[in-house]
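Trainee: Could we go through this structure together? I would like to start with one chain and then move to the other.

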Amino acid sequence: MKTMKRPDSKLNETEVKQNGDAGGHLSVFTNVHTAAGSPEKRLLSAFKKDTNPGKAYLAGREYYSEDGKTFELRLVRRIKQQLSADPTTRPEYPSPLGLTEFTRRATEVALGKSSRAIVEERVLGVQTPGFTAAVRLGAELLRNWYDHCAAWCGPVYLSSPCDDSLAGIFQAAGIQDIREYYYWDDQQRGVCLDKLLEDLEKAPERSVVVLSASAHYPTGADLSHNQWAVITELIMRRRHFPFLLLPPQALCYGNVEREAWPVQYCASQGMELLCAQSFSHCFGLYGEAVGHLLCVLKQNSLLLSVQSQAATIVKSLWAQPSAGGANIVATVLSNPAHVVEWKEEVKHIVERCMLIRELLRERLRLLGAPGCWNHLTQQSGLYCNTGLSEDQVEFLSQRRHVYLLPSGCLNVSAINGRNLDYIAESIHRALTTSL
Amino acid sequence: MSVFGEVALAAPVAVFKLSQDFNNDQFPNKVNLGVGAYRTDEGKPWVLPVVKKVEKVIVHDDSLNHEYLPILGLPEFRSSASKIALGEDSPAIQENRVGAVQCLGGTGALKMGAEFLRRFYNGNNNTKTPVYVSSPTWENHNAVFANAGFDDVRPYKYWDATNRGLDLAGFLGDLESCPAHSIFVLHACAHNPTGTDPTQEQWQLIAEVMMRRQLFVFFDSAYQGFASGNLDKDAWAVRYFVSMGFEMFCAQSFSKNFGLYNERVGNLTIVARDADNLKRVLSQMEKIVRTTWSNPPSQGARIVAVTLTSPELFSQWKDNVKTMANRVLLMRAQLKAKLQALGTAGTWDHITEQIGMFSFTGLNPKQVEYMVKERHIYLMASGRINMCGLTSKNIDYVAQSIHETVTNVQ
């Protein structure tokens, strides 16, 4: 620790210079080094500096429409206008757990209205300011209370690859032991179940396993129903705890229930689970931080206690979540006519993503790009894994000004009529140029 | 067997329990003096007219993009919010050594500041650095710093119950005797819950000791504008410390002065020695935010940014804030006058001497219990009342009740 030199005399005001150099103290922040930016941040920075007119950024998190911009669902826009003119809104602190109507609908959307867990009142729903916040809250709950431990610290298993911020979230909550389980296989261009099962089998009993319920980020490769059945059987046998992720619900198949199937299946097996949800993508509410943490318990006698502890944790994180976005989601989901309209708009998004996948696959086939590209259309959602190596990904950004995530994954919605040919050609070149 | 089988029921938060009890009370003339939010003379929450106006503008603005906000928040919000605290012509801002992080309310700002300090202040990951919070203080201060990993959160002397004022000697004494590099959470104005702020001279004394002993300054500014009705006046302490050359944090909340309680609009203003230090600090802040909420909500921040950056709207907002502050001042004056007219035992000058939303009445726990149970007037066990809970309709009843309580209960 650096010692600070400082004479003992009283500070003379006239000695204080305007540039804040009072008394010759070293800055208290002297030892703070610059944080290494996340890979995404560096990528975006490089893209912004790139002056090539044909550049394309395919590593973004949002859904982009054909004109290359994020947009607002028409329904959401109307509801925002309605809500802004609503004379009954009360500017008051919401409960730390969020808006009741929102958590109710968010819970239903994940578990299904007739879920036994809901009927038996052993489900806790907490509104959070976004998806990351939901994961963070879940991590803090586990850290404080998992497995009768005052300070449980892991292990937590994340898929390989996964969202690169996930490990940091668990660590920030005080859980240091973060490990990976095998997920994406480059050869198979999909999930390798055998290796996945092997890793989870080897994991210490009662590990927490983070699984993507649908639209796996960043690969877009999801587990089939059969695979879920096998995995959950292992989880129950090894007494692991499932922490499910459901960020872009409804964006894979346009079918809310279908994408929540894994959550419902686990619940129906009598499992306890946490599920982090986001309503950013499926409502176009990126800027509104609308997230939800679902907790399914085995016994309803625990609900009040877990709920009270969740509220206590929330109070030290953000105190209460923000109301705006949750209000919109609740307004939509609690009105059947709105739900129909919402599903229609989401369907367009889904269909466009599917179309792009087909077109990309077709272009690559026509170009004679080496490798198999069936997975592009067998998988769905916003993201897909091109299977390109790190070198090839770098080639794409440096030489072709096309930016993918380092893992070779890309956001299909960023591809449009104007850049499809160039991107397909670029991928082909990356695969065929010797590097 | 559930993995959550040993989860204990957490103690309810006192102020929420009070509200609950109030809601369940059937007494027709019940009064809620416990809640920490502004109420009109009709006893209702108030959407500021300027906020209503700006909301409409935003909702019809076609040019807004709907992407995730940057991790550190809306740039125009961050800079305009910092300007509000430090002053439009702040030299520190001109010297490019002021930065900010948009946060989820004042709590979020405290949280981010606490997380940063725990990791990087006074050595790396030094969880033993004492964090001092005033005695008494907002009940959530303890939890935020404790859960950020600080092992040692302690009180510093502040409220002198006997004299119903600031215990300056005690405060200065704690500043002199605390371990070097201790962190002090200071209330920028309108101290919660006592409503008692140091005078300018007293702040100068406090600053002198803190500079000499190299203590870290962490301001909590939740009531700017609300205390005196004047933004600059309420920011005097913060600006003085900046002019003294401190590096410091200031957690700002726009919940009260914008009435945006439910949109969670907060800002952590960071004053560093120079631009290079600032840059490094912000880079680490980004990492911390990334693992907490990643991208903050835009609605509230946008409302504040649009308001603060338009001279016309800014002026309207200042009027709205004055409206709220003036109502509080009126209730203070009237309550004191009524108590004096009733000949209630004791001195009641503190009611008008204290500022902001809250007043420490000086009622003891037994008297508080009497107020709640017999008179159906709900206030915190500490004797704290929210002046906003008083209205022209209930002030007589409240004054009468205090009089009766003080007379009959010792």
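**Sheet, helices and confidence**

Mentor: This is a predicted model. In chain A, helix H8 (residues 225-237) lies across strand E7 (208-212) and E8, and runs at about 170° to E7(A).

Trainee: What is the strand order of the open sheet in chain A?

Mentor: The 7 strands of chain A follow the order E2-E10-E9-E8-E7-E3-E4, with mixed pairing. Strand E2 (123-129) and strand E4 (178-182) of chain A are the edge strands, each pairing on one side only. On average, neighbouring strands of this sheet are turned by 25° against each other, direction ignored.

Trainee: In which sense do E8 and E9 of chain A pair, parallel or antiparallel?

Mentor: Strand E8 (residues 241-246) and strand E9 (residues 273-278) of chain A pair in the parallel sense, over 4 bridges. Within E9(A), Ala276(A) is the bridge partner of Leu245(A).

Trainee: Now chain B. At what angle do H7 and H8 of chain B pack?

Mentor: Helix H7 (residues 168-177) and helix H8 (residues 200-212) of chain B pack at about 10°, with their axes 9 Å apart. H7(B) is therefore roughly parallel to H8(B).

Trainee: Which residues make that contact?

Mentor: H7(B) contributes Leu168(B), Phe171(B), Leu172(B), Leu175(B) and Glu176(B). From H8(B) come Gln202(B), Leu205(B), Ile206(B), Val209(B), Met210(B) and Arg212(B). By class, the contact of H7(B) with H8(B) has 8 nonpolar, 1 polar and 2 charged residues.

Trainee: And what are the confidence scores of the model?

Mentor: The model has ipTM 0.93 and pTM 0.93. For chain B, the mean pLDDT is 95, and 100% of its residues reach 70 or more.

Notes. Residues are numbered from 1 along each chain as its sequence is written. Chains are lettered from A and ligands numbered from 1 in the order in which they are written. This is a predicted model: local features need pLDDT of at least 70, side-chain atom pairs count only at pLDDT 80 or more; totals for chains, interfaces and linings use all residues. Side-chain values use heavy atoms; hydrogens and water are left out. Two strands pair if DSSP finds at least two bridges between them. Helices (H or I, at least four residues) and strands (E, at least two) are DSSP runs, numbered from the N terminus. Axes are lines fitted to C-alpha atoms, for helices over the stretch in contact, and angles run from 0 to 180 degrees between N-to-C directions. Contact means heavy atoms within 4.5 Å. pLDDT is the predictor's confidence in each residue, from 0 to 100. Angles under 35 degrees count as roughly parallel, over 145 as roughly antiparallel, 65 to 115 as roughly perpendicular and the rest as oblique. Ala, Val, Leu, Ile, Met, Phe, Trp, Tyr, Cys and Pro count as nonpolar, Asp, Glu, Lys and Arg as charged, and the others, Gly among them, as polar.
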